Amino acid sequence: MRYVKGTSLSDRIWRDKGTTSATTLYVDVSEAKYNQFMLTIEKVDSGLVLQLRRVARDSNRELRFTLNSSAFGPGNYLVRVDGYNWRGQTENVGWMMLGME
């Protein structure tokens, strides 16, 4: 997995060096005013791959999720992070691009 340069959340994400098939991503959402988030992963020029709704941040104010790289084909993926407001509507928090080799 590699990170594609020029993304808005790229300075707030890091990767746990796991095995080649599983990678844990940490997204720092400490500055966000939301407690629950929706993560959407879309393959560029293909479509929706995964959507996780109502994901709560942990006590470190981070979102953690583990991706199995064997479930994703090679290419670039757009990861959007949206926060839930008090009405249950989502509002854009940020996005990042992930490149799978």
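1. A salt bridge, as the term is used here, is a side-chain nitrogen of Lys or Arg within 4 Å of a carboxyl oxygen of Asp or Glu. In this predicted model, aspartate 58 forms such a bridge with arginine 64, the closest N and O atoms being 2.9 Å apart. A search of the whole structure finds three salt bridges.

2. Arginine 64 also pairs with glutamate 62, where the closest N and O atoms are 3.5 Å apart, and through shared partners the salt bridges join Asp58, Glu62 and Arg64 into one network.

3. Another salt bridge links arginine 80 with glutamate 42, with 3.3 Å between the closest N and O atoms. Because arginine 80 lies in strand 7 and glutamate 42 in strand 4, the pair ties together parts that are 38 residues apart in sequence. Both residues count as partly exposed, arginine 80 at 29% relative accessibility and glutamate 42 at 24%.

4. The surroundings of arginine 80 deserve a look as well. Leaving aside neighbours within four places in sequence, arginine 80 is in contact with Met38, Leu39, Thr40, Glu42, Gly94 and Trp95; the C-alpha atoms of arginine 80 and methionine 97 are 8.8 Å apart, although 17 residues separate the two in sequence.

5. The largest nonpolar core has 19 residues, and those with the most contacts inside it are Phe37, Leu63, Phe65 and Leu67. Strands 3, 4, 6, 7 and 8 each supply at least two residues of this core.

Definitions and conventions: Residues are numbered from 1 along each chain as its sequence is written. This is a predicted model: local features need pLDDT of at least 70, side-chain atom pairs count only at pLDDT 80 or more; totals for chains, interfaces and linings use all residues. Side-chain values use heavy atoms; hydrogens and water are left out. A nonpolar core is a set of buried Ala, Val, Leu, Ile, Met, Phe, Trp, Tyr and Cys residues joined through side-chain atoms within 4.5 Å. Buried means under 20% relative accessible area, exposed over 50%, partly exposed in between (1.4 Å probe, protein chains only). Helices (H or I, at least four residues) and strands (E, at least two) are DSSP runs, numbered from the N terminus. Contact means heavy atoms within 4.5 Å.
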